[in-house]
Amino acid sequence: AVVSTQSTGYAATILRQKIERNWTRLSNDVKTGIKTICLQVLQNQATKEVRNSVTAVISVISKHEFSAWPELLNFITAACYSDNVNAKELGLYVLGVVSDSVGIEMEPHFNSMFELYSNCLNH
């Protein structure tokens, strides 16, 4: 079934609101499923509105699970090193939003994040 962009964005907004209040109550399987789906939607969604809504969900999740979510950094890294300009833009956007939400927790990754920014500025 084809899901409309509007309903996908709306679902992401509701999910973000629910996660903000209930993330710690979810089972690990549900958490893993949500994280996986968020990254899949980012990779496959063409509209900026949906990508921004899903990135907001990722931001909330990363406040709780940044260090336990290596797939997120792998996604960001792959996107930033992509030859595809849209993927690179998405990677930088997600990196910026996640950096704002996790703050100092990003410190162990500062060097690799600066390399990502440098790569994007030079290519």
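This report walks through one predicted model, starting with a helix and moving on to the core and a few single residues.

Residues are numbered from 1 along each chain as its sequence is written, and because this is a predicted model, local features need pLDDT of at least 70, side-chain atom pairs count only at pLDDT 80 or more, and totals for chains, interfaces and linings use all residues. Side-chain values use heavy atoms, with hydrogens and water left out.

**Helix 5**

Let us begin with helix 5, which covers residues 85–102. Helices here are DSSP runs (H or I, at least four residues), numbered from the N terminus.

Which residues of helix 5 are buried? They are Lys88, Leu90, Gly91, Val94, Leu95, Val98, Ser101 and Val102. They cover an arc of only 160° around the axis, which puts them on the same side of helix 5; the arc is that of the directions from the helix axis to the C-beta atoms. Buried means under 20% relative accessible area, exposed over 50%, and partly exposed in between (1.4 Å probe, protein chains only). On the other side of helix 5, the exposed residues are Val85, Asn86 and Asp100.

The two ends of the helix are worth a look as well. At the start of helix 5, a side-chain oxygen of asparagine 84 comes within 2.7 Å of the backbone nitrogen of asparagine 86. After helix 5 comes glycine 103, with a positive phi near 55°.

**The core**

The largest nonpolar core has 28 residues, and Ile58, Ile61, Leu72, Ile76, Val94 and Val98 have the most contacts inside it. Such a core is a set of buried Ala, Val, Leu, Ile, Met, Phe, Trp, Tyr and Cys residues joined through side-chain atoms within 4.5 Å. Helix 1 (5–22), helix 2 (28–44), helix 3 (48–65), helix 4 (70–80), helix 5 and helix 6 (110–122) each supply at least two residues of this core. Helix 3 gives the largest share, six residues. Not counting residues up to four places away in sequence, valine 94 touches Leu42, Thr55, Leu72, Phe75 and Ile76, where contact means heavy atoms within 4.5 Å.

**Serines and cysteines**

| Residue | Relative accessible area |
|---|---|
| Serine 53 | 16% |
| Serine 101 | 19% |
| Cysteine 38 | 5% |
| Cysteine 80 | 0% |

Serine 53 sits in helix 3 and, leaving aside neighbours within four places in sequence, is in contact with Gly9, Ala12 and Thr13.

Serine 101 belongs to helix 5. What joins the side chains of serine 101 and serine 62? A polar contact of 3.1 Å does; the term means a pair of N or O atoms within 3.5 Å, where, within protein, one must be able to donate a hydrogen and the other to accept it, and residues adjacent in sequence count only if both atoms are side-chain atoms. A polar side-chain atom of serine 101 also lies 3.3 Å from the backbone oxygen of serine 59.

As for the cysteines, the structure holds zero disulfides, a disulfide being a pair of cysteine sulfur atoms within 2.5 Å. The sulfur of cysteine 38 is 18 Å from the closest cysteine sulfur, in cysteine 80, which is too far for a bond.

Notes: Expected span 1.5 Å × (residues − 1).
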